[in-house]
Amino acid sequence: MIAFPIAKVNLGLNVVEKRPDGYHNLETVFYPVPIKDVLEIQLMDREFPSAFDCDLKVTNMIIEGDEQRNLVVRAYQLLKADFPTLPRIHTHLWKGIPSQAGMGGGSSDCAYMIRLLNESFQLNLTDEQMIAYAARLGADCAFFIKSTPCYAEGIGERMTPICLDLTGWHIGIVRPDIPVPTKEAFSHIHPHYPERNCREVVSQAVETWRDGLTNDFEESVFALHPEIGAVKERLYDMGATYAAMSGSGSALFGLFKETPNRLCQEFPNMFTFETLL
């Protein structure tokens, strides 16, 4: 039983106000990108000596921390509480989506775990029910239940589908080897409403986005890490029609009319990815 969690980018991201609970309300547009992890589950033998109902093995990248706190395992635990008959499982997660990149890798993994458990063990959950479970695990987890373009508000959990199709555009993604902890990124934010809502801007031609879309994290992240800001400028130098940082970073992306086939050469020792959307 296998699934392929995908990544996302934020086409504009505005932090509009701080909430009484300490979180921040956002306005953003999520768009799926076919960078993939691989998530596989197998039934655990009844005699297998495990202290946990769901164990986890991560390969291809190092993910620090207690595996039982990983969002994939927490997704299993969340459903297990409501569906006690869920069997014990082994979980293998092959990571292809870079971490601490603002591309939602961990959030996608947990949402696809919910989807995989629902399909594999006939839980008969609707999309809306799976979205509700995913939202309990993280702000942008719910997006990955459907993984279709949407406008998100609140902490990212209130989503409205939008008609946005970037088919025919080339996307180039660069992730500098500079982690940007979310807490650090938010600590320098000054919430405000933008002049134009990002949902309105993305309804216009991509050629207009450079002057209308903003990511509020860029100002503080680029000040702390000028190397990240330099990547964005280089993407424009290479011919990007629109370029931005995704989420709170540190991945950046550019939308190109032609294939940006020099990414590896331009950004040595960095994660790069290019595809036709």
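I take helices (H or I, at least four residues) and strands (E, at least two) as DSSP runs, numbered from the N terminus. On that basis I find 10 helices and 12 strands in the chain.

The model is predicted, so I note that local features need pLDDT of at least 70, side-chain atom pairs count only at pLDDT 80 or more, and totals for chains, interfaces and linings use all residues. Residues are numbered from 1 along each chain as its sequence is written, and side-chain values use heavy atoms, with hydrogens and water left out.

Burial. I looked up the buried share (under 20% relative accessible area, 1.4 Å probe, protein chains only). Buried residues make up 53% of the 277 residues.

Cores. I use "nonpolar core" for a set of buried Ala, Val, Leu, Ile, Met, Phe, Trp, Tyr and Cys residues joined through side-chain atoms within 4.5 Å. The largest has 52 residues, and Leu 11, Ile 173, Trp 209 and Leu 235 have the most contacts inside it. Elements giving two or more residues to this core include β2 (6–18), β3 (24–36) and α9 (226–237). Apart from this core lies another of 39 residues, among them Leu 86, Met 113, Leu 137 and Cys 141.

Trp 209. I listed its contacts (heavy atoms within 4.5 Å). Leaving aside neighbours within four places in sequence, Trp 209 touches Leu 11, Leu 164, Leu 166, Val 201, Val 202, Gln 204, Tyr 242 and Leu 255.

Contact range. Among contacts between residues at least 6 apart in sequence, 73% join residues at least 24 apart.

Extent. I read the C-alpha trace as spanning about 60 × 40 × 35 Å along its principal axes.

Terms used:
Buried means under 20% relative accessible area, exposed over 50%, partly exposed in between (1.4 Å probe, protein chains only).
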